[in-house]
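Biologist: I am new to this structure and would like to go through its spaces and its helix contacts with you. Could you show it first?

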Amino acid sequence: MKRFGKKVQSFLLAGVMLVASLGFGGSVWAEEPAAAQDEAAQDALAAKAKGSLVIIGGAQQRDNAAIHEKMIELAGGKDKAMIGIFPTASGSMSSSEEMKEDFEYYGVPADHVKIIDITKDNYQDKVNNDDIVAQIAETNALFFVGGDQARITKAFYNPDGSNTKALDAVWDVYNKGGMIAGTSAGAAIMSKTMIANTDSLGALLNGVTYDDTKPGLWVTKGLGFFNGGIVDQHFSKRGRLGRLVVALVAEKQKYGFGIDENSAMVVTGNTIEVIGASGLFIVDASKASVSKSGVYKGIDVSYIEKGDKYNYVTKRYTLAKEKVAIEPGKEYYEGNTLNTSVFGLDAAKVMLLDDLMDNTAKEAAGVAFGLENDGAGVKVVFSKNRKTQGYYDETEYASSALHVDMTITPIEVTIKEKK
């Protein structure tokens, strides 16, 4: 039986009527891109960096040897690794202590792993402290735990937006060949533009805001270690494809990277390799547009899994050697049905792989809506084009999808009792 099997629709209502709308109404599109100040300097730092990044999509499990061993390898190996852990995003020290135990479990000596005491409560006294700077300088690898990404940026930037001494010290480690890693919130801060809140439907209905007290997708300044585009995390499980598209178009950025839970995008030079339990969405918005009525077009979506690589400068994919192209006419599935929760758990991944790549259908469609918003919602359509190609892995499951067209159209949903 195929991995995902025949899909069971998660939302069935007799008499649901989907009516195409001419617009969202009430959408808020800010005029100025976020992180405008110091962008050139931030880009220059990222471009000259000689280190590596391990960007983890959250929900990292101790038994995921691929991720832990890769981090240790990039830190110089078990004996040479000197790892510092930042608890800043978290409300407690527990996740940092667990991460320290994880590194020790995989063979790093206990005295080679230190928790660097910059927390949400004490950061004002720590981030420009020379003793903290010295602790960071002693490392060759640094790890940001999960929690609230805004706590990290608030701590590591001075109130005027300039780098703290601690942030400069982190950049020094990276520029000297060290590894910077992070999970969940620690992944969100990796790009220079950071997504900080809301879900996909909320982003599509309300647009982008640069004020966290207002509705919409809050976009702000990240730490900027990854210069290939915007990073998002918990991607498939929390259905974040829609909000990444909104951020890219509003920020006029060309590329977005959505990393799944218990998975990592490992960045060395210009190459990204996927490792771990799931995969990575790559969104090419270089030709994307949004109309006055709120229709998004020209979005290119790809999805790759462990062993697959992508060069974010040349834009070329190198798939794992055991993968085989899915030939037209030899697909497993014949046809699909409307997905009624397109931003639901793993929905976009299932639609790309089962409903489209390993399917005779030319397109796969889904909807998302909220009755609390007077039925406002969206219809998402993934469709094949001449560049589209799917791949089986060694177990003959569809596991990669390249160059799928994506459109997003506003809709209104009304519910009537069946007579």
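Biologist: By class, what residues does the lining of the second largest cavity have?

Modeller: By class, that lining has six nonpolar, two polar and one charged residues. Ala, Val, Leu, Ile, Met, Phe, Trp, Tyr, Cys and Pro count as nonpolar, Asp, Glu, Lys and Arg as charged, and the others, Gly among them, as polar. Please note that this is a predicted model, in which local features need pLDDT of at least 70 and side-chain atom pairs count only at pLDDT 80 or more, while totals for chains, interfaces and linings use all residues. Residues are numbered from 1 along each chain as its sequence is written, and side-chain values use heavy atoms, with hydrogens and water left out.

Biologist: Which residues line the second largest cavity?

Modeller: The lining consists of Phe-235, Ser-236, Gly-239, Arg-240, Leu-241, Phe-281, Val-342, Phe-343 and Ala-348. About 40 Å³ of space lies in this cavity. On a 1 Å grid over the protein atoms alone, a cavity is a set of points where a 1.4 Å probe fits but cannot get out, a pocket is an open set with protein on both sides within 12 Å along at least five of seven lines, and lining residues have an atom within 4 Å of a point.

Biologist: How many cavities of 30 Å³ or more are there?

Modeller: The count comes to three. The largest cavity holds about 60 Å³ of space, and its lining includes Met-82, His-112, Lys-114 and Glu-138. That lining divides into three nonpolar, four polar and two charged residues.

Biologist: And how much space lies in the second largest pocket?

Modeller: About 310 Å³ lies there. Of its 17 lining residues, Asp-284, Lys-287, Asp-300, Lys-387 and His-403 are the closest to the centre. The lining has six nonpolar, four polar and seven charged residues.

Biologist: Which strands each supply at least two residues of that lining?

Modeller: Strands E15 (279–284), E17 (296–305) and E24 (398–415) do. Strands (E, at least two residues) and helices (H or I, at least four) are DSSP runs, numbered from the N terminus.

Biologist: Turning to helices, at what angle do the axes of H5 and H7 cross?

Modeller: The axes of H5 (residues 130–137) and H7 (residues 165–175) cross at roughly 15° and come within 9 Å. H5 and H7 are therefore roughly parallel (an angle under 35 degrees).

Biologist: Which residues meet there?

Modeller: Asp-130, Val-133 and Ile-136 in H5 meet Lys-165, Ala-166, Ala-169, Val-170 and Val-173 in H7, where contact means heavy atoms within 4.5 Å. The contact has six nonpolar, no polar and two charged residues.

Biologist: What about H2 and H3: how do their axes cross?

Modeller: The axes of H2 (residues 65–74) and H3 (residues 94–105) come within 10 Å and cross at roughly 80°. H2 and H3 are therefore roughly perpendicular (65 to 115 degrees). His-68, Met-71 and Ile-72 in H2 meet Met-99, Asp-102 and Phe-103 in H3.

Definitions and conventions
Points joined across faces, edges and corners; volume = space filled by probe spheres on them. Axes fitted to C-alpha atoms, helices over the stretch in contact; angles between N-to-C directions. Parallel < 35°, antiparallel > 145°, perpendicular 65-115°, else oblique.
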